[in-house]
Amino acid sequence: MAKQPPAQFTNPETPGYVGFANLPNQVHRKSVKKGFEFTLMVVGESGLGKSTLINSLFLTDLYPERIIPGAAEKIERTVQIEASTVEIEERGVKLRLTVVDTPGYGDAINCRDCFKTIISYIDEQFERYLHDESGLNRRHIVDNRVHCCFYFISPFGHGLKPLDIEFMKAIHNKVNIVPVIAKADTLTLKERERLKKRILDEIEQHGIKIYHLPDAESDEDEDFKEQTRLLKVSIPFCVVGSNQLIEAKGKKVRGRLYPWGVVEVENPEHNDFLKLRTMLITHMQDLQEVTQDLHYENFRSERLKRGGRKIEDEEVNKDQILQEKEAELRRMQEMIARMQAQMQMQMQGGEGDSSAVHGHHV
Amino acid sequence: MASSEVARQLQNDNCRPLSLSGHVGFDSLPDQLVNKSINQGFCFNILCIGETGIGKSTLIDTLFNTSFDDRVSTHFQPNVRLRAQTYELQESNVRLKLTIVNTVGFGDQINKEDSYQPIVDYIDAQFEAYLQEELKIKRSLYNYHDTRIHVCLYFISPTGHSLKTLDLLTMKNLDSKVNIIPVIAKADTISKTELQKFKIKLMSELVSNGVQIYQFPTDDETISKINATMNGHLPFAVVGSMEEMKVGNKMVKARQYPWGIVQVENENHCDFVKLREMLICTNMEDLREQTHARHYELYRRCKLEEMGFRDTGPENKPVRVPLLKGYTDSKKSISHSHASVESLQETYEAKRHEFFGELQRKEEEMRQMFVQRVKEKEAILKEAERELQAKFEHLKRLHQEERMKLEEKRKLLEDDMIAFNKRKAATELLQAQAFASTPSVSLKKDKDRKNFM
């Protein structure tokens with residue numbers, strides 16, 4: 001991604017040569033040596049195509065031995081967090097990818113406590129990073145913070161469900177949310193547009209903050225700007241995942257074979273898979289930056305403000321006490337007013353005889 | 001009754017088959033029955049259970065080739081409701097009164113524990129209505145609009161993995177009350193190989209959890225073979241669409257994708273045709289019968305046993321004569337049912353008395369409790385009043401005491417003032433006298449001057 005330094009400055013003989021135009025090269029070299037880290041969380045109900053999509057995105061098999069539980073086992077199931085880390089390499093660039101899966105989300109009959117586990121996991125990672133950052137030895141800080149969360153929306157419904165909205169509202173201040181509609185081969189083009197628009201409307205209506213791609217810099221080339229604009233317009237992405245190679249039109253493509261045709265995963269007319277992959281790759285750095293600058297800083301300032309006490313209990317106590325006190329106050333005031341009124345009435349009515357003695361004494 | 005005794009005797013005597021020497025004509029009996037039922041019209045009630053947006057309305061529209069209802073539901077219903085709509089359809093000379101019951105808001109709530117209860121209550125309510133009509137003294141079952149659910153289409157979400165927990169719970173609670181036919185909705189998202197695996201997984205899950213779904217009957221030779229084959233294809237993977245597209249040289253119902261066109265009525269693409277065959281063409285009557293003979297009878301027995309009825313005979317079949325099959329059976333036990341009907345009457349009367357008595361007792365109890373509560377409240381209020389009064393008196397007294405004290409103090413002050421004034425006057429007088437006695441020139445001069453003037 002580093003641009004080549006202008007040729008004229010690499011030559012020490014050039015007049016005015018200082019040499020810091022070589023910095024991008026140095027950054028590039030160091031980063032390749034250090035390697036990159038990225039943590040991606042996938043959340044969604046069972047059967048929406050999460051694992052297939054992750055495998056398709058990274059062209060690998062992250063879930064070799066998968067046991068899918070039957071409905072009876074899922075009734076009382078709680079959400080688990082399964083993080084699997086893999087190291088993948090491409091042209092010398094190493095990426096340490098952690099995929100955090102959340103099996104059991106939305107499975108139980110009562111999903112009230114579905115997302116508590118997930119939120120506490122995210123907070124834990126922040127907490128650990130904060131602890132490491134404030135420590136004395138900061139050489140080897142491992143960044144396990146969740147940089148991006150793919151939230152899978154069901155394509156079989158009419159839009160967002162109450163569980164979706166509640167979950168997104170609970171984590172939109174902690175992690176970058178990218179809404180994804182998988183199994184998009186169940187929607188015709190018209191239905192897709194309708195669903196996307198409906199979801200965007202509902203997200204806006206409920207004030208959910210999803211991840212927004214940054215606008216392209218003005219000095220980037222036109223292609224890149226156009227690409228970014230197209231990406232922005234297609235959120236949420238409607239994707240189809242598959243790792244099976246199917247023969248279509250004479251060549252082998254990754255896709256799904258149906259009696260009525262072949263859905264090609266990498267065909268932009270069939271679905272938004274390529275867009276999703278582009279977005280993830282080109283904005284990986286930006287996702288990490290937003291996590292560091294926005295979500296982590298929010299967490300850190302909140303954390304340091306309350307200094308270790310549990311924030312929820314405190315607020316609840318304060319509110320409760322305030323309410324109780326106010327109620328008591330009101331009751332006392334009412335009682336006093338009543339007694340005063342009564343006394344006034346009695347005084348004006350009853351004591352005709354003592355009015356003379358009453359005098360002018362106050 | 002004499003005829004039934006004769007009939008019984010005949011059967012017990014091993015009635016002998018006779019051969020006819022000519023055409024009598026009673027082979028037209030089925031036709032007469034058919035004519036009657038055509039005149040009466042048919043009635044069919046379908047219950048569709050499935051998540052919002054899974055395609056229930058579209059599938060029903062496609063099945064009956066009519067656009068029924070256009071409303072799209074929202075995901076934000078607070079609880080599950082049922083919406084029933086009745087339509088009159090006609091095909092050639094057969095009239096069908098079709099009632100479609102849809103679940104609104106199923107599977108949308110975060111806490112789905114109460115999701116299936118409204119459905120169970122609805123089904124029970126329809127059974128109850130029929131039972132009430134049957135037990136009436138003056139009843140008109142002939143033109144009673146039967147609202148009992150004949151079939152329940154359960155829409156399974158095409159996840160490709162297994163049943164959802166809500167599906168399992170709901171089906172377990174409904175399988176003894178209604179004929180369940182599970183269908184895989186939006187099946188154009190599952191490829192052929194995945195579909196096979198999915199179907200096997202679903203059926204094994206249903207079996208291992210003891211859910212009894214409706215099996216197409218295989219006792220009638222004409223349809224047993226096709227029914228048996230179809231039983232092996234359950235659950236049906238269906239796609240619904242009312243949009244027509246040109247494929248080849250004719251217009252077919254289909255869904256158009258960039259990668260192909262899914263034809264609803266193409267057996268290679270989905271099982272829609274199978275579902276239509278089985279549900280409407282072949283087994284509609286059997287579904288109605290099963291509902292009446294099995295599910296309704298079970299409900300009735302449970303309900304009556306709950307109320308305390310017992311029967312004297314082994315079977316307590318209704319006196320009403322149902323169509324075709326049950327006819328001979330009911331004839332066998334007519335005498336029994338008469339006897340049991342009598343005991344039914346007695347038990348009914350006894351129960352009625354009992355309930356009436358209990359009702360009166362409860363009324364008395366409530367009245368007494370009410371009176372008692374009123375008394376208690378009055379006592380409390382009186383007490384409060386007394387307290388207030390006492391306080392008031394006390395305060396008044398205090399007030400008066402204060403006033404008296406103030407009065408005293410005032411008196412004292414006035415006395416003091418008077419005394420002071422007196423003293424002041426006295427001193428002034430003294431002073432004046434003192435002035436008068438001392439020869440003061442000025443004064444004298446003034447006096448002289450005065451005298452002089």
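Questions and answers on this predicted model follow.

Visitor: How many salt bridges link chain A and chain B?
Guide: The contact between the two chains takes 61 residues from chain A and 56 residues from chain B. One of the bridges between them pairs the side chains of A:Glu191 and B:Arg255, at 2.7 Å from N to O. The count between chain A and chain B is four.

Visitor: Which residues of chain A lose the most area to chain B?
Guide: The two chains bury about 5000 Å² between them. Carbon and sulfur atoms carry 60% of that area. On the chain A side, three residues together give 18% of what is buried there, and they are A:Ile109, A:Phe156 and A:Trp260.

Visitor: Is helix 5 of chain A mostly covered or mostly open, and how many of its residues are buried?
Guide: This helix spans residues 162-171 and is mostly covered. Among its buried residues are A:Leu163, A:Ile165, A:Phe167 and A:Met168. A residue counts as buried under 20% relative accessible area. Of the 10 residues in helix 5 of chain A, the number buried is seven.

Visitor: What covers those buried residues of helix 5 of chain A?
Guide: The cover includes both helix and strand elements of chain A. They include strand 1 (36-43), helix 4 (114-133), strand 4 (148-153) and strand 5 (177-181).

Visitor: Which class has the most residues in the lining of the largest cavity: nonpolar, polar or charged?
Guide: The largest cavity holds about 190 Å³ of space. Its lining has 17 residues, with A:Glu45, A:Gly106, B:Glu51, B:Lys164 and B:Thr165 nearest the centre. By class there are two nonpolar and seven polar residues, against eight that are charged.

Visitor: Which residues are joined with A:Glu45 into one salt-bridge network?
Guide: A:Glu45 lies among the lining residues nearest the centre of the largest cavity. So do B:Glu51 and B:Lys164. Bridges that share partners join A:Glu45 with A:Lys161, B:Glu51 and B:Lys164.

Visitor: Which element gives the most to the lining of the second largest cavity?
Guide: The second largest cavity holds about 90 Å³. Helix 3 (56-64), strand 2 (81-91) and strand 3 (94-104) of chain B each supply at least two lining residues. The top contributor, with four residues, is helix 3 of chain B.

Visitor: Why are B:Lys362 and B:Glu358 about one helical turn apart?
Guide: Their closest N and O atoms are 3.7 Å apart, and the pair forms a salt bridge. B:Lys362 is partly exposed at 48% relative accessibility, and B:Glu358 is partly exposed at 31%. They sit about one turn apart because their spacing in helix 11 (residues 334-437) of chain B is four residues.

Visitor: What is the N to O distance in the salt bridge of B:Glu414 and B:Arg410?
Guide: Both residues lie in helix 11 of chain B, four residues apart. B:Glu414 is partly exposed at 39%, and B:Arg410 is partly exposed at 33%. Their side chains meet at 3.5 Å.

Visitor: How far apart are the closest N and O atoms of B:Arg367 and B:Glu363?
Guide: These two residues also lie in helix 11 of chain B, about one turn apart. B:Arg367 is partly exposed at 45%, and B:Glu363 is partly exposed at 43%. They form a salt bridge, and the distance is 3.3 Å.

Notes:
Residues numbered from 1 in each chain as written. Chains lettered and ligands numbered in written order. Predicted model: local features only at pLDDT ≥ 70, side-chain atom pairs only at ≥ 80, totals over all residues. Heavy atoms only, no water. Buried < 20%, exposed > 50% of the residue type's maximum accessible area, 1.4 Å probe, protein only. Contact = heavy atoms within 4.5 Å. 1 Å grid on protein atoms, 1.4 Å probe; cavity = no way out; pocket = protein on both sides within 12 Å on 5 of 7 lines; lining within 4 Å. Points joined across faces, edges and corners; volume = space filled by probe spheres on them. Nonpolar A, V, L, I, M, F, W, Y, C, P; charged D, E, K, R; others polar. Buried area = accessible area lost by both parts, 1.4 Å probe.
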